[in-house]
Amino acid sequence: MALYLLRRIMQSGFVLVAMSLLVFIGVYAVGDPIEILISPDADQEEKERAIRALGLDLPLWQQYLVFVSRALQGDLGRSFVFNEPAIQLILQRMPATLELAFGSMIIAIIIGLPLGLYAGLRPDTWGSKTIMAGSILGFSLPTFWVGLMLIMIFAVQLGWLPSTGRGDTAVLFGIPWSFLTIDGLSHILMPAFNLALFKISLVIRLTRAGVRETMLMDYVKFARAKGLSPTRVTFVHVFKNILIPVVTVLGLELGGTIAFSVVTETVFAWPGMGKLIIDSINVLDRPVIVAYLLMIVVMFIVINLIVDIVYTLLDPRVRLESKGT
Amino acid sequence: MRITTAICALGLMAGAAQGQAQAQTMTMAVGAPVTSLDPHFHQLSPNNAVAQMVFSRLVGTDAQSRRVPDLAESWTAIAPTTWEFRLRRGVRFHNGSEFTAEDVAFTFARVPNVPNSPSSFAGFVRPITRIEIVDSHTIRFHTATPYPLLPLDLSNVYILDRETHQNATTEQFNAGTMAVGTGPFRVISHANGDRIVLERNDNFHGEAPAFARVNYRMITNDSARTAALLAGDVDVIDQVPTADLARLRADQRVTLSEVLGLRIIYLSMDHERTGPSPFITDNDGRPLAQNPMKDLRVRRALSMAIDRNAITSRVMEGSAVPSGQFLPQGVFSHVPGLQAPAFDAEGARRLLAEAGFPNGFRVTLHGPNDRYPNDGRIIQAIGQMWTRVGVRTAIEAQTWTTFVARAGRQEFSAFLIGWGSNPDGSHPLRNLTACFSRERGWGNSNRGRYCNEELDRQLITSMQELDDTRREQQLIDIQRAVFADQAIIPLHIQTNIWASRRGFVVTPRVDESTLAQSVRPATMR
Amino acid sequence: MSSTATPAKIKVETPFRRFVSEFAASKIAVGALLVFTIIALIAILAPWIAPQNPYDLAVLDIMDGRLEPGAVGGGGYVHWLGTDDQGRDMLSGIMYGLRISLLVGVGSAIIACAVGAALGMIAAYAGGKTDSAIMRLVDLQLSFPAILAALMILAFLGKGILNVVIAIVIVEWAYYARTVRGSALVERNREYIEAARCLALPSRIILFSHLLPNCLPPLIVVGTMQIARAIALEATLSFLGLGVPITEPSLGLLIANGFEYMLSGKYWISFYPGIALLVTIVAINLVGDQLRDVLNPRLKK
């Protein structure tokens, strides 16, 4: 296990270096930040001063080396636009995004799991068919479109929920959170639901598929034959078995959710990391883009690792195998 | 009916409204994100708008962009190369520190030396060769040559306090701790990219703002901003999307405030190449040996082929006015009588035939699709119009980041772009149509590389003319010549539009700044 | 369509007839397949059946912009679904838009599938260093948010249908590689491969004649779903201002263009393309769903 972890971490380190190079070159290739940032009436003298000030007068490889040597000391560069450390900017925005991502996962589980169970246990009822058709809609609807529809209906037409922004926050561990206030909760509901839409469908389908497969398994047949109550069979034998894929996929999805909250955050003006990256791309704030992408990569690596470990703990077969190798 | 209601309301609730207004919080949403509270870090309009709320300048600007006294009560050129500014007495910074001439000198020294600034304010103080402090409230600026534009330039520089800001960093400004000025509002908190909370400065030297507390929020998505207004989450929004104009005009709960701005949308053409231009071919797709854009007749034809009224009414939904020059009427050095070219498809075809293109040619028209209101739609509409007179036009719209870098490298043959002018003809002339010159620092946004040395010589003369009447006439003459030569193809000047919920009145500003002090409760007027 | 034709090759395991009858067991899936066939036909035949060529600037007129459904424009014919802001006939726009959306979706899925499957098989078969090199590449790819990757690729390449396809292929090949490798790993240890190895057949033959056909079922399922995903991704990219050029709008771009007008009551510019997009994606997903049920041997009674 320890060896396996060590090997994974080393591989991850290699991935990180490769990504930093790719991202750096990729970001470098797109546009010229000075053209975007500088006032249009600035003269050549001012332009050259700005280019030097931002370190853009060096050749690409030198810029990369400067970046790497600083990154090794924990400094991922300063934002061109905010003149603050990029990492600090991102960390400031991170709680808002995490809150949104976890909110959407909770919504996905609360809605998805019961519906999926029902659809799996009673596959031929009218209700199940509706649920499954609905889950396909959840996969098919583009996020941006649903987000704007939600705002149109619930904020503008009905006036039930605030349209955009984060609302009141309360401080916990020195960080402002929205979910601790009623106003904050009312703000988070729509964007979290919007972000959850895809995952609700995912959970429904995973649960249903899991239930259907498990119900055919011998041990479940045996449990039923033994005369155990259907409730007990469902919640002890079936439920346990389907949790593994649901946990795995949702875990993997967490990273995706955080990364893809870009669209939801843009639509709902949610001040998270996703909005920061879109704003940064719009003004070619290279240090922030690079720092953000690298943090996403790190996050994915960590999440994958955690999911692997959790998976090992949940499924004895995997544990045996990894011990064997 | 509405007026009666208003009067009734005024009579009944005058006292109440007054009291209410004192306690009220106003929330406004802006479309462009504010990136820094350091007033000298990044010359960017949203940042400048916030600076106008928190800080003050020597020379202020009113809603019509006319220069008005701010921290300076008056200014005169006491000698050809010396400007004297008399400063207001009794002004205090938010922390109680007194404003004096020393603070001005300190500010001007800090401006060119802000670390890591991506676009500094240095250009505004560069003409000053020496600063002379006469007494605590009189200051003189010496320039190398007579410089009539100094008051205009100084209306961009926000004054800091020598005692407070001695070693202040941009980070400290952003955190709010150093965002201490002499403006109508003080900063309570700042959440980057999300909101700034402001509180009224009760010791402000100008007109007192109407609201005790202001939430200044940033909602960059257009639809979301309108939705926030309609849902009642915010009281005022700026940059109202043109698509929502019709609906908002009809909505009783919403008031629109509009004024013709200083931003012109225009087409620029490749003036640099005499040989083949990269995106122009004949009708069979072969490059043309000569760049047709060098021919005045072609440029005029392309301008005449554009139905500007169709664009302003259909695409811009009335939120722009066709223009034949840089500046709108009523602004210093507007050229009287120079109308937007009339739409004349027949005339355009004739001119093209005269220029040797009876069957037209092919061109790609480039433009951004995320920079100006409806930019992508405008170039498509122009594509339709040019194609109809025989110039078969392909459209390529790109994100601003990609577009502006390529335009700056002269990669295009024809492209759409915009320009926000200062209220002085010398500003667009120097930057858009003057020859690109490092030494003079001119032609900085002249991406088509138009060049006419004779006009530049005239511009140099006018730049040293201290008599405003004579200077205005010189600028008018130069602009006439520039547009007669069709250096650019002007399309329209945009209207700046704010929308507010009932109960709030916005004074629209020509300079596009969205300021909390521009908003008042409706019943107080 | 292709989804029904390809399984013919895998009759080793599932006879074609049995596959068809099992697929047809679900009326919904058959209906979805029918709908998809019609959509595909409309997309292919668009230049001949659309009332207008919506990409020809010469026939568009902004004076016909934002006409309501049923109005008659300057062209003298009825715009059954209205016009957009440029005076583009929405019905024609949707027909041509379907063409682009399907081209992007199917095209990118096929290329990504070919690239991904090849690499996945090689990884599974070769094992060792090759396997871990390829799989690290897969991890690298999957660790990178698809939208951000596509955004950067497009910013670099510029707009255009081909560029969108390239971006989507780069973003999606890893899914196929992972899927194929997974099922190939299972198949690799089966007796028939052992047997083939014992006969000393060349790797190439074992890979493509023996291993690949048996990895096809999961690949088809993933492929179908990825077509839908690619279409949605393209719509989102266009919404963000990248993606296809504005003069040749896909369904996603039509929706994005029209959304601004939604609040002011001009619903048709955004609504009808939205419906077309939805129907297309739902139909593909329904077909894919049934394919999965049919092709998953573990679900068989």
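The link between C435(B) and C451(B) is right-handed, with 90° about the S-S bond, and in this predicted model the two sulfur atoms of that disulfide lie 2.1 Å apart, S to S. A disulfide is a covalent bond between the sulfur atoms of two cysteines; here the term is applied to a pair of cysteine sulfur atoms within 2.5 Å. C435(B) and C451(B) both lie in the loop between α14 (426–433) and α15 (453–462) of chain B, so the pair ties together parts that are 16 residues apart in sequence. Helices (H or I, at least four residues) and strands (E, at least two) are DSSP runs, numbered from the N terminus. The structure holds one disulfide over all chains.

How covered are these two cysteines? C435(B) counts as buried because its relative accessibility is 4%, whereas C451(B), with a relative accessible area of 44%, is partly exposed. Buried means under 20% relative accessible area, exposed means over 50%, and partly exposed lies in between (1.4 Å probe, protein chains only).

Chain B also contains an open sheet, in which four strands follow the order β4-β5-β7-β6 with antiparallel pairing; two strands are said to pair if DSSP finds at least two bridges between them. At the edges stand β4 (72–79) and β6 (128–135) of chain B, each with a single partner strand, so one side of each is left without a neighbour in the sheet. Neighbouring strands of this sheet are turned by 20° against each other on average, direction ignored, where the axes are lines fitted to C-alpha atoms, for helices over the stretch in contact, and angles run from 0 to 180 degrees between N-to-C directions. The antiparallel pairing of β6(B) with β7 (residues 138–143) of chain B extends over six bridges, and I131(B) has F141(B) in β7(B) as its bridge partner.

Turning to chain A, one finds 13 helices and two strands, and a C-alpha trace that spans about 85 × 60 × 35 Å along its principal axes. Of the 325 residues of chain A, 53% count as buried. F173(A), by contrast, counts as exposed because its relative accessibility is 73%, and this residue is found in the loop between β1 (170–172) and β2 (175–177) of chain A.

Residues are numbered from 1 along each chain as its sequence is written, and chains are lettered from A and ligands numbered from 1 in the order in which they are written. Local features need pLDDT of at least 70 and side-chain atom pairs count only at pLDDT 80 or more, while totals for chains, interfaces and linings use all residues, and side-chain values use heavy atoms, with hydrogens and water left out.
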